[in-house]
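The entries below follow the order in which I looked things up.

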Amino acid sequence: MDVLLGLQWGDEGKGKVVDYLAPKYNVVARFQGGPNAGHTLEFDGIKHVLHQIPSGIFRNKLKNIIGNGVVLDPVVMQKEIEGLKKFNIDFKNNLFVSKKAAIILPTHKLLDAAYEKSKGDKKIGSTLKGIGPTYQDKIGRVGLRVADILAKDFKERYDNLVDRHKSILDFYQYNISDLPSLETVFFEAIEFFKTLNLVQSEYEVNEALAEGKHVLAEGAQGSLLDIDFGSYPYVTSSNTMTAGACNGLGVAPSRIGEVFGIFKAYCTRVGGGPFPTEIFDEVGETMRKEGNEFGSTTGRPRRCGWIDLPALKYSIMINGVSQLFMMKVDVLNVFEEIKVCTHYQLPDGTKVDRFTLEQGDQEVEPVYQTLRGWNSNLFDVEKYEDFPDELKAYVSFLENELKTPIKMVSVGPDRQQTILR
Ligand code: GDP
Ligand code: IMO
Ligand code: MG
């Protein structure tokens, strides 16, 4: 099984690359996260954003699996599938959902909002899709799973959990007047959900591997949002790293093959938390405009900054990345100079190249090296040799620093705007 994951704070372009690589695979599987993800695919003039459904869905003869590590909102699922109707996708044969995946209830979304509100200016900047509270219930061993919706007493199990949630919401004095209407939609979506292929996905994946089939695990979010290794507490609530693919699908570590690490030629972050290379002037504004850096799930403007090598080295280390894919280089076409953060400077003046962005850590200042920009468009580029020399120098510089081969460079959002090396 190969794993593809984001090495920064999410939105690196995972959806595009999974869709691009999918024809080489028999199975594409999501292993964590849920509707907080927004994975964009562009091909044949179509642009589509997927939230819970794996990005192999537009390719024929391929199984898409949603693994046990995912948290699923049935309402989002129904909307997503309805939104895909026009593409005549054969969901009966190409979409499978783990019976062990956790279910997001309407009250999980209210709790998400209540917790965020209570944090004031320390809020995480959650997507408010109910991700944190649902994982909390999973770890607390009180949550509901997909299998529960098939039980005769599902409503009773639901009511028990919602009673708990109501007492917490009451503690936070959070207004729950929307709940009845949210519940109506939720229970309709549950009926729809029952018509999907609900399976023991660990068998689906392992049997595919035993038959010599090729499986691609599709990460959501990014390593710097990992619950353990990210910029805690400004993170998401799952393990977004390679190890998460083992937990989230039931696949042994020894079965991991290639690990594809995706990164932008610069860096973005949406939501709160530290971001040492963030740019606050017109350069950052230009990046946001050129890169169309607005959230695929929430539409929020993304914070933009230069590439951060200490952070990337860290992500490569914890994930065992074997190949790098560099995304969105075209966004830097307009710049005469490109900055690269090679180190952080601590308040006492020492320079480090370790990632240290947890709460309680000292503030760090990025130390930059400046490279020449190529300052031209990449319209005619069809192969790596066509790249301007400055861009080739940027790629080589990064490869040298990161000690990992950059095997793919993406020069636009379309499936075809992909250059292999
Ligand atoms: P994901 O969450 O990692 O799948 O990434 P998103 O879909 O949230 O955000 C990536 C955005 O960049 C999407 O709008 C993509 O269509 C777009 N994109 C992907 N690759 C490229 C690229 O090489 N160049 C440009 N300009 N846009 C890209
Ligand atoms: P994809 O898969 C970028 C961020 C949120 C917030 C923090 C916690 O499209 O790359 P959560 O809703 O999980 O409780 O939010 O994580 N976040 C993402 N940022 N891309 C994502 O997914 C994200 N999913 C969550 O903005 O800061
Ligand atoms: Mg995204």
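**Entry 1: a loop and its proline**

I found Pro233 in the loop that runs between strand E10 (215-222) and helix H9 (242-249). Helices (H or I, at least four residues) and strands (E, at least two) are DSSP runs, numbered from the N terminus. I looked at the peptide bond between Tyr232 and Pro233 and noted that it is cis, with omega about 5 degrees. Most residues other than glycine have a negative phi, and most peptide bonds are trans.

**Entry 2: ground rules**

I noted that this is a predicted model, in which local features need pLDDT of at least 70 and side-chain atom pairs count only at pLDDT 80 or more, while totals for chains, interfaces and linings use all residues. Residues are numbered from 1 along each chain as its sequence is written, chains are lettered from A and ligands numbered from 1 in the order in which they are written, and side-chain values use heavy atoms, with hydrogens and water left out.

**Entry 3: positive phi**

I looked up Gln221, which is not a glycine and has a positive phi near 55 degrees. Gln221 belongs to strand E10. With a relative accessible area of 9%, Gln221 is buried (buried means under 20% relative accessible area, exposed over 50%, partly exposed in between, with a 1.4 Å probe and protein chains only).

I then turned to Lys403, another non-glycine residue with a positive phi, about 55 degrees. Lys403 sits in the loop between helix H12 (389-402) and strand E19 (406-410). Lys403 counts as exposed, because its relative accessibility is 73%.

**Entry 4: ligand 1**

Which residues come nearest to ligand 1? I listed Lys14, Thr40, Ser296, Asp330 and Ser410, out of 20 residues around it (a residue is near a molecule or strand if one of its heavy atoms lies within 4 Å of it). I sorted that shell into four nonpolar, eight polar and eight charged residues. For this sorting, Ala, Val, Leu, Ile, Met, Phe, Trp, Tyr, Cys and Pro count as nonpolar, Asp, Glu, Lys and Arg as charged, and the others, Gly among them, as polar. Helix H1 (14-21) and strand E3 (39-43) each give the shell at least two residues.

An oxygen atom of ligand 1 lies 2.5 Å from a polar side-chain atom of Ser410. A polar side-chain atom of Lys328 is 2.9 Å from an oxygen atom of ligand 1. The side chain of Asp330 has an N or O atom 2.7 Å from a nitrogen atom of the ligand. On its own, ligand 1 has 580 Å² of accessible area, and the protein covers 94% of it (areas come from the Shrake-Rupley method with a 1.4 Å probe; for residues, only the protein chains shown count as cover).

**Entry 5: ligand 2**

I counted 20 residues around ligand 2, with Asp11, Lys14, His39, Thr127 and Thr236 coming nearest. Its shell divides into seven nonpolar, ten polar and three charged residues. A polar backbone atom of Val270 is 2.9 Å from an oxygen atom of ligand 2. For Gly125, I noted a polar backbone atom 3.3 Å from an oxygen atom of ligand 2. In Ser126, a side-chain N or O atom lies 3.3 Å from an oxygen atom of ligand 2. Ligand 2 taken alone exposes 550 Å², of which the protein buries 97%.

Conventions: Polar contact = N/O pair within 3.5 Å; in protein donor to acceptor, adjacent residues only side chain to side chain.
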